[in-house]
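Please examine the sequence and the structure before reading on.

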Amino acid sequence: MAAAVAAALSACGGGGGGGSAESAVAYTAGAVYQVGTTTYDANLPAEPTLPTDAQVCATLEASNNLVRRPDGSLPPEADPSKAGVGVAADAAVINPDQARIQAALDACGAAVEAEVGAKIAAADASATASQKAAAKPNVNIAGVSGEELAKPAYKASKFAVRLVVNSKGPGNGFISGPLTLPSGVTLWIDKGATLYATRDAKAYSPNAAGPYCANTAVSATKAGSSSNCSPLIGGNNLVNAAVMGDGAIDSRGYAEIVTTDKLYPIMKVDQTCSNTYAAYAKGQQAADNTPCDDGGTFVNSKSSVRNMTWWDLAYLGNMVQNGTTGYGSQSNFRMMVFNYAKNLTLYRITLNNSANFHVVPSGVDGLTVWGVKVQTPSLAAFANPAGNGNPLYTGEVFTEDNVKNTDAFDPGSSSKAISDYLGTGSSTKSAAKMSFDGYLKNFVFAYNYVSTGDDDMAFKGSQNPSPAGSGLPGIDGNRDVRSDRKYGMVVAHNHIYYGHGISVGSETNAGVTNIEVYDNAFSDSEEGLRIKSDYARGGEVSNVHYKNICVKDALNALLFTPYYSTKALPAAGPLFPNFHDITMENVRIQGKSAVKLQGFQANTGGFGNPQYPLGMTMTNVVADAPDSIALTTSDANLTIKGVNLPLIANADNRNLINGVPTKAVDPSKVVDCSRAYVDFPAIGSSNFFGSTWDSRK
C-alpha cells in the first residue's frame with residue numbers, strides 16, 4: 001500500500017515541484033492568513049466587559065488565614081483535616097466561606113429581581129402569548145429572546161458580587177462548597193483572588209438518603225455519576241448571569257477528600273472504605289470487613305492510609321473498573337452546571353483542576369465564553385509536602401492523560417422546552433414563570449486558552465427539545481441568529497494545548513449542524529479537530545466548517561470516527577453516526593501526527609444498515625511533512641484540492657476520492673503558523689508549560 005501511495009504522489013508532482021496548475025492555484029490564491037494574531041472580529045458580537053464599581057452589590061474580602069502559594073495551591077495548614085481514624089473535619093476550617101458568599105449572592109439576586117424582575121416577566125409574557133397564538137408547527141415556545149433581554153432596560157443597576165484579596169493582609173483565597181448563581185447576578189472574582197472548592201465530600205452530597213458523591217460504580221445498575229454531586233457553581237432558569245474576573249477558580253481535583261461527618265463513607269487509597277452508605281443512612285458505623293457499597297472492597301475503620309482524591313476516583317472508575325467490568329465511572333462534582341438561561345457569560349476567569357467536567361451549560365440562548373483560561377492539571381496539582389509530585393493512588397504522577405473526564409466546556413441543548421420560575425437565589429424564585437425553548441443558540445467561544453485532560457470544547461448532541469417527529473436537530477447554528485453576529489455557533493481565535501481538541505460528540509444522537517470553527521491553534525494536543533460517535537449514540541452531524549487552522553505535534557491532528565466506543569446499544573436499537581457536508585479549508589499540520597477519516601460501513605455490527613460515508617471537502621489541507629502522517633481512511637467520500645496527504649481511492653476501504661493529492665503544495669502558502677503557538681499565559685508566577693521566547697516579540 002505504501003508503494004502505491006508513493007507512486008501516486010510521484011505521478012502528480014510529488015517530491016519537489018511541478019503539480020497541476022489547478023493545484024497551484026488552490027493554495028496560492030489570495031493573502032496567506034496568519035493564525036493566532038486576530039484581535040478584532042467583525043463577525044462576532046462585542047467583547048463582554050467587567051462590571052464597574054458602581055454595579056457591585058457586595059464586596060467580600062479573603063480571609064488572611066487563606067494565602068495561596070506561588071504555584072497556585074493552598075498550603076497544608078490552610079484547611080487541614082483532623083488527625084485520627086473516624087474523626088470528622090472541622091466545617092469552619094474546611095468550608096469557611098460558602099455561607100457568606102451564598103448570602104451575598106442571594107441578597108444581590110433579590111435586589112435584581114425587585115428592580116427588573118417585573119420588566120423581564122412582562123416582556124416574556126408578551127412574547128410567549130404571541131408565540132402561542134401563532135401556533136407555528138414544530139416551533140418551541142421560546143418567550144422573550146436573549147437578544148431583547150441583553151438591552152440595558154432588563155439589567156439591574158447593581159448586579160455583581162465581588163471576591164477580592166484582603167485589603168489589610170496577605171489573604172487571597174476563599175474556600176467554598178456548592179454555590180447557586182441567581183438570575184441576573186455576576187460572580188466577579190477579582191485579580192489575585194482564588195475561589196477553592198472545599199474538600200468536604202458531604203458538602204456535595206447533602207442528603208442522608210442519597211444520591212451519594214465521592215464514589216465509583218458498584219454495579220451495572222448503580223454506576224457512579226457526576227449527577228450524584230452538586231456542582232461547585234450551579235444555576236437554573238437564569239437571565240443575564242455571569243462568572244467573570246481576572247481571578248481563578250480551583251476545584252482541587254488533586255486534593256485528598258475529607259468529610260465533616262465521620263460516618264460518611266470515604267474510600268482509601270488501599271481501596272478499603274471507612275463505612276457503607278447503608279449504615280450511614282441509619283446513622284451507624286458498619287463493622288470492619290463489611291463489603292463496601294461505594295466501589296471499594298471492604299470496610300476498614302482502622303486504615304491509616306490517606307483518603308482518595310477526586311482524580312484517584314476518576315482513574316479507578318474509568319481506567320481500572322471500567323476496563324474490567326465495562327460500567328465503571330465516578331461520582332465527582334463538576335465545577336459549573338447551568339440549565340436553561342438567556343445570556344450566560346464566562347469572561348476572563350481562570351479555571352483549574354475540576355474534579356469532573358469544568359463547565360456544562362445546557363439550553364442557553366446567548367452563551368459567551370471569552371478570554372477564559374483553563375489549565376488542568378495546573379502547577380498546584382503537583383504540590384505535596386513530601387515533594388514527590390502528589391501522585392495518584394497508583395503511584396503515577398498526574399499527566400494530561402490520567403486526569404480523566406476533565407472536559408473544559410461541554411455545551412448542549414436541554415431535553416425539552418419549559419415554562420418555569422427564574423432562580424433568584426439558593427431558595428427563592430421569581431414571581432412569574434418564563435419560557436425557555438431548551439436549545440443551545442448564539443454560542444460564541446472566542447479568545448480562550450485551554451489545556452485539560454479531556455475535551456477542550458465539545459458540542460454535546462445528546463438532548464433534543466424539538467417536538468417529536470419534527471426532524472429538527474438538537475443543535476443548529478442557524479437557529480435564531482442574533483443581529484449582532486454573523487454566525488449562531490462559532491469557535492474562533494482560541495489556543496488549545498493538552499486535551500482532546502475541539503470536538504463534536506461523542507453524543508450526536510440529537511443532531512448537530514451549522515458550526516463555524518476558524519482561526520484556532522493546537523499545540524501538543526492529543527487531538528485537534530474531531531467528530532466522534534458510535535452506534536450507541538450516533539446521529540447526523542452536518543455543515544461543520546473548519547478554516548485557518550494550525551496543528552502542531554498532535555497525536556491525532558484530524559480524528560473523524562463513528563467507532564468511538566463499544567457502549568451498550570439502546571433498547572430500541574442502534575443509532576448510526578452520519579457525518580456529511582464537512583468542509584476544511586487552509587488547515588496546516590506540523591510535526592509527526594495521525595489523521596483518521598472514517599464513515600460508517602454498511603451491514604456492520606450484525607445489522608443491515610446502509611453505508612453512511614464521511615462526506616468531506618478538503619481544500620488546502622496540508623502537512624509540513626506528509627510522509628510523517630499516519631493516515632487511516634474508510635467509507636469516506638472526499639473532494640480534495642491542494643491536499644498533500646496520501647489520500648488514495650481504495651475499493652477495499654470503500655473510499656471515493658474526487659481530486660488528486662500532490663506533494664507540490666507549499667504549506668507556508670496555505671496558512672501562516674509562525675505566530676500561532678504561544679506559551680500558555682502564566683497564572684501569577686506559575687506556568688505549567690515553562691517559558692519560551694514569544695515569536696511576537
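## An exposed lysine and its partner

Lys 302 counts as exposed, because its relative accessibility is 63%; exposed means over 50% relative accessible area, buried under 20% and partly exposed in between (1.4 Å probe, protein chains only). Lys 302 forms a salt bridge with Asp 288, with 3.0 Å between the closest N and O atoms. A salt bridge is a side-chain nitrogen of Lys or Arg within 4 Å of a carboxyl oxygen of Asp or Glu. Both residues lie in the loop between α6 (277-281) and α7 (310-325), so the pair ties together parts that are 14 residues apart in sequence.

The model is predicted: local features need pLDDT of at least 70 and side-chain atom pairs 80 or more, while totals for chains, interfaces and linings use all residues. Residues are numbered from 1 along each chain as its sequence is written, and side-chain values use heavy atoms, leaving out hydrogens and water.

## A bent helix

Helices (H or I, at least four residues) and strands (E, at least two) are DSSP runs, numbered from the N terminus. Helix α4 (residues 98-134) bends by about 60 degrees at Val 116, the angle between axes fitted to the seven residues ending there and the seven starting there.

## An open sheet

Six strands form an open sheet with parallel pairing, in the order β18-β22-β24-β26-β28-β30; two strands pair if DSSP finds at least two bridges between them. β18 (457-459) and β30 (629-634) each have a single partner strand, so one side of each is left without a neighbour in the sheet. In β22, Val 504 stands opposite Phe 459.
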